[in-house]
Amino acid sequence: MPKRYHCPVELAVDVIGGKWRPVILAHLKEGVHRYGELRRRMPGVSEKMLTQRLRELEADGLVLRHDFESTPPHVEYRLTEEGLSLAPVLQALYDWGAARATRTGTAIDGSSAA
């Protein structure tokens, strides 16, 4: 039986919630990234956690994984059409976070994911 939601925000948070999912989506909103690029842009996430979150986002239909089946391994990630539909939401979160950082004097290192 599918999960029942009582508010659209509940569904949205269930899909993009957590610490790393929105960050991954924000980076992929900029364009295609290889695993190593994502890893460098997110120094606070472990390899295991990044891999898990990418798999979840892929299973949810938000991220597409393309394995070029080459040596050395070459895997790219991009947003699907459904993932791209989150662009305005991700931009709003980015803008709010940037404004909050300014208001509170919080430093943000390498804030390139807009």
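This note comments on the helices, the core, the sheet and the charged pairs of a predicted model.

1. Basis of the note. The model is predicted, so local features are reported only at pLDDT of at least 70 and side-chain atom pairs only at pLDDT 80 or more, whereas totals for chains, interfaces and linings use all residues. Residues are numbered from 1 along each chain as its sequence is written, and side-chain values use heavy atoms, with hydrogens and water left out.

2. Helix α4. Helices here are DSSP runs of H or I with at least four residues, and strands are runs of E with at least two, both numbered from the N terminus. Helix α4 has 13 residues and spans 18 Å from its first C-alpha to its last, close to the expected 18 Å; the expected span is 1.5 Å times one less than the number of residues. G61, which follows α4, has a positive phi near 80°.

3. Buried denotes under 20% relative accessible area, exposed over 50%, and partly exposed the range in between (1.4 Å probe, protein chains only). L50, R53, L54 and L57 are the buried residues of α4. Viewed down the helix axis, the buried residues fall within an arc of 100°, so they line one face of α4; the arc is taken from the directions from the helix axis to the C-beta atoms. K48, R55 and A59, on the other side of α4, are exposed. The buried residues pack against α2, α3, β2 and β3 (75–79), where contact means heavy atoms within 4.5 Å.

4. The nonpolar core. A nonpolar core is a set of buried Ala, Val, Leu, Ile, Met, Phe, Trp, Tyr and Cys residues joined through side-chain atoms within 4.5 Å. The largest such core has 18 residues, of which I24, L25, L28, L50, V63 and Y77 touch the most other members. Elements α2, α4 and β3 each give two or more residues to this core. Leaving aside residues up to four places away in sequence, V63 touches L25, L28, L57, E58, Y77, R78, L79 and T80.

5. The sheet. Three strands form an open antiparallel sheet in the order β1-β3-β2. The edge strands β1 and β2 each pair on one side only. Strands count as paired if DSSP finds at least two bridges between them. Two bridges join β1 to β3, and R34 has E76 in β3 as its bridge partner.

6. Salt bridges across the chain. The whole structure contains seven salt bridges, each defined as a side-chain nitrogen of Lys or Arg within 4 Å of a carboxyl oxygen of Asp or Glu. One of them joins R21 and D60, at 2.6 Å from N to O. This pair links distant parts of the chain, 39 residues apart: R21 lies in helix α2 (residues 21–29) and D60 in the loop between α4 (47–59) and β2 (63–67). R21 is buried, at 6% relative accessible area, whereas D60 is partly exposed, at 41%.

7. Further charged pairs. R41 and E30 form a salt bridge at 2.7 Å, N to O. R41 is in helix α3 (residues 35–41) and E30 in the loop between α2 and β1 (33–34), eleven residues apart. R41 is partly exposed at 33%, and E30 is likewise partly exposed at 33%. In the salt bridge of R65 with D67, the closest N and O atoms are 3.9 Å apart. Salt bridges with shared partners also join R21, R53, E56 and D60 into one network.
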